[in-house]
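I wanted to look up a strand, a helix and some charged pairs, and jot down what turned up.

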Amino acid sequence: MALNHLTNQYSSEIQSVVNSALSELAEEHRAGRVVNAPVANNHFLVRWVTKAIKEQRFNRVVSADLLRWQKAGRSKGNDAALLSTFRRISALYGQFFPANETPKVLHDATVEQFLDVMEQAGWEVSTSEPLVNVGKVQIFTDGQNSLALCANQCESSFDGSVMVKPMNWFVRGNHNQFVESATEAGFLVHKVTDYKSNVKYHGEYLIYPENQGMQLAEIPMSIQG
């Protein structure tokens, strides 16, 4: 199956999952079958997710998400915050992939503008070194917050000005600020690791063409459920 088909399918399918769950829970509230209260809502969503898994209701591209939510709902109870999580995912993906609209193409200029924003916010930005498929790399910086892009990918990930291949972005410091800033700049970021990447002391995120990732994107803390 082609990569672009899988990625397009994920963004569509994850929205289908959370929006279906939220819609069906709202209908239960309207019908008076479920009380709109934390315990009842969590219980409904855990059962809903479990049934979706059993019936194979959704495409396998979201199987890992469903299994993770089922486990969290059963083990953490209300602390799993499934309702809030679903609402936040719905808000984020609805913002980036509005219904009946073509996903926005990402350009090299958009990346450059984002790097300028991060530098202005006091981040050290590096794009001068090869970082991917070159073994362990260490970047020497003075500041606490660092964002590094692979010099080779800054060329190879683009066809002309259009991003056509994923990019690996390496982050040290305030990850929450990075996610907030990247999302505001028009990028969905997909976490690979918080800390142990091939760039020493840096975590790793993936940026996909048209933001069409193959896993759930990081949700900014500013998006509340």
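This is a predicted model: local features need pLDDT of at least 70, side-chain atom pairs count only at pLDDT 80 or more; totals for chains, interfaces and linings use all residues.

I started with β5 and checked which way its side chains go: M167, W169 and V171 point one way, N168, F170 and R172 the other, and all are buried (under 20% relative accessible area; exposed is over 50%, partly exposed in between, with a 1.4 Å probe and protein chains only). Helices (H or I, at least four residues) and strands (E, at least two) are DSSP runs numbered from the N terminus. Residues are numbered from 1 along each chain as its sequence is written, and side-chain values use heavy atoms, with hydrogens and water left out.

Next I looked up the neighbours of β5. It runs antiparallel to β2, with 4 bridges, and antiparallel to β7, with 5 bridges (strands pair if DSSP finds at least two bridges between them). W169 has L149 as a bridge partner and stands opposite Y205 in β7.

Which aromatic residues cluster with W169? I found F114, F178, F187 and Y205 in one cluster with it. The whole structure has 10 aromatic pairs (ring centres of Phe, Tyr and Trp, the last by its six-membered ring, within 6.5 Å; planes under 30 degrees apart are stacked, over 60 edge-to-face, the rest tilted).

F178 took me to helix α7 (residues 175-184), where H175, V179, S181, A182 and T183 are buried along with F178. The buried residues of α7 pack against α4, α5, β2, β5 and β7 (contact means heavy atoms within 4.5 Å). After α7 comes G186, with a positive phi near 105°.

Then I went through the salt bridges, 6 by count (a Lys or Arg side-chain nitrogen within 4 Å of an Asp or Glu carboxyl oxygen). R30 and E27 meet in one at 2.9 Å, N to O. They are 3 residues apart in helix α1, so about one helical turn separates them. R30 is exposed at 62%, E27 partly exposed at 36%.

Is E28 buried or exposed? I have it as buried, at 17% relative accessibility. Its salt bridge partner R33, 2.9 Å away by closest N and O atoms, is exposed at 54%. Beyond its neighbours within four places in sequence, E28 also touches V34 and F44.

Last, I checked E218 and K191, which meet at 3.8 Å, N to O. E218 sits in the segment after β7 and K191 in strand β6, 27 residues apart. D194 joins K191 and E218 in a salt-bridge network.
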